[in-house]
Amino acid sequence: MEPQIEMAPGAEDNGLASMLSGLIRQNLEDKPHKMRDFERLRATVAIIADDAGVSLTLRFDRGRLVVHDGIVGIPDLTIRASSDDIMNLSLVELVPAPILGALPDLRGKVLRQVGEAFVKRRVKIYGAVANVPTLVALTRVVSING
Amino acid sequence: MAKFPSPEWATAYKDAINQNAAYREAGKDWVHGPVAMVVKADPAIGLAEDQGFVLALHQGVCNEAEYVTGLEKANVAPFVIVGDYARWKQVVRGELEPIKGMMQGKLKLTKGHMPTIVKFVEASKQLVASSARVPTQFLDE
C-alpha cells in the first residue's frame, strides 16, 4: 500500500516541508516495514528549524500524513532545533527490539550527538514525556536507518 | 580566477574537491552517481539559459566536473539541485550551507532520493567547503 502523504496548500514553498515529506515517502517505499508505525501514528508534530527560520506541522492520522507550512493546531510534540540537528534526527541509528520492532540505539553515535544537543538545549522537545510512544514511532518513520 | 559558472570553474572545482581530504572521507561510500548543480537563467546578469555542473562523484573522488547549459543536460544526473544565481553565489562563498538552503526553499532538490542526500549530509558540506576554495569571479561583480 502506498503511503498517503499530502502537502497542505502553501506547504509546497516550505523547503523543510518538501524535504521531510520526500524523506518520509521514500523511507516508507524503501522500507515497507516502517508502514506499521506510519499506520499507527495519530499525532500532530511541529518542527521548528530555528537557524533556518522555517517551521512546519506534520499531522499523522493512521496511514495518512498532511504536511502544513508553519504551526497548525495544537501539537502533541514540538521539536525545536537547528537545521543540522533536525537532519541528525533522521540519521538516528535503530536496533532491533523484541516485540517493539526497533528502538533508537542508545550506543549509536548520532543518538549520542542528539542527546548532547538535548542536554545543551540546542534541541528542545516539548511534549516528549507524555508522548514517548509517538516520539519513538516518529523516529522510526523519519530515520533512514532500521 | 575563474568565472562562475564556466568550464574553467568546473575544472578548478573538480581539483578543489579532490584536494579536500574531508570530502574524500565523508564521500567514500558515495556510489549513487553524478550530482548536478543548476544555476537558473538570469538574463539580467548575462545568464541567458540554465547553466550548471554535473559532478561525477564516486567513492570520495570527483572523476569529472562537466559544465553544462540547459536543464535537460543536467537532468541526466540522478541528483539535481537547482537554485538562482544569488543563492549559488552564497553557497560558493560559504555563506549558505546547502541543507539549510534546501530547508529554506532557496535551493531545491528537483530530482533525487532524499534519504541518500540526508545520509551524506557531511559530504555535501564538504562539497561546499571545496567550492569556497576556488578563486571565483562572479558575473554580477
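This briefing covers a helix pair, a chain interface, salt bridges and backbone geometry in a predicted model. Local features need pLDDT of at least 70 and side-chain atom pairs count only at pLDDT 80 or more, while totals for chains, interfaces and linings use all residues; side-chain values use heavy atoms, with hydrogens and water left out. Residues are numbered from 1 along each chain as its sequence is written, and chains are lettered from A in the order in which they are written. Helices (H or I, at least four residues) and strands (E, at least two) are DSSP runs, numbered from the N terminus.

**Helix pair in chain B**

- Helix H1 (residues 7-18) and helix H7 (residues 121-131) of chain B have axes that come within 8 Å and cross at roughly 125°; axes are lines fitted to C-alpha atoms, for helices over the stretch in contact, and angles run from 0 to 180 degrees between N-to-C directions.
- H1(B) and H7(B) are therefore oblique to each other (under 35 degrees is roughly parallel, over 145 roughly antiparallel, 65 to 115 roughly perpendicular, the rest oblique).
- In contact (heavy atoms within 4.5 Å), B:Trp9, B:Tyr13, B:Ala16 and B:Ile17 of H1(B) meet B:Leu127, B:Val128, B:Ser130 and B:Ser131 of H7(B).

**Interface of chains A and B**

- Chain B contributes 15 residues to the contact and chain A contributes 20 residues.
- About 1500 Å² is buried between the two chains, with 69% of it from carbon and sulfur atoms; buried area is the accessible area (1.4 Å probe) that two parts lose on being put together, summed over both.
- On the chain B side, B:Met103, B:Met114 and B:Val118 lose the most area to chain A, together 42% of what that side buries.

**Salt bridges**

- Over all chains, the whole structure has 11 salt bridges, each a side-chain nitrogen of Lys or Arg within 4 Å of a carboxyl oxygen of Asp or Glu.
- One salt bridge is found across the interface of chain B and chain A; A:Asp84 and B:Lys125 meet in a salt bridge at 3.0 Å, N to O.
- A:Glu6 pairs with A:Arg64, with the closest N and O atoms 2.9 Å apart.
- A:Glu6 lies in strand S1 (residues 4-7) of chain A and A:Arg64 in strand S4 (residues 64-69) of chain A, so the pair ties together parts 58 residues apart in sequence.

**Backbone geometry**

- Most residues other than glycine have a negative phi, and most peptide bonds are trans.
- The B:Phe4 to B:Pro5 peptide bond is cis, with omega near -5°, and B:Pro5 sits in the loop between strand S1 (2-4) and H1 of chain B.
- A:Arg62, not a glycine, has a positive phi of about 45° and is in the loop between strand S3 (54-61) and S4 of chain A.
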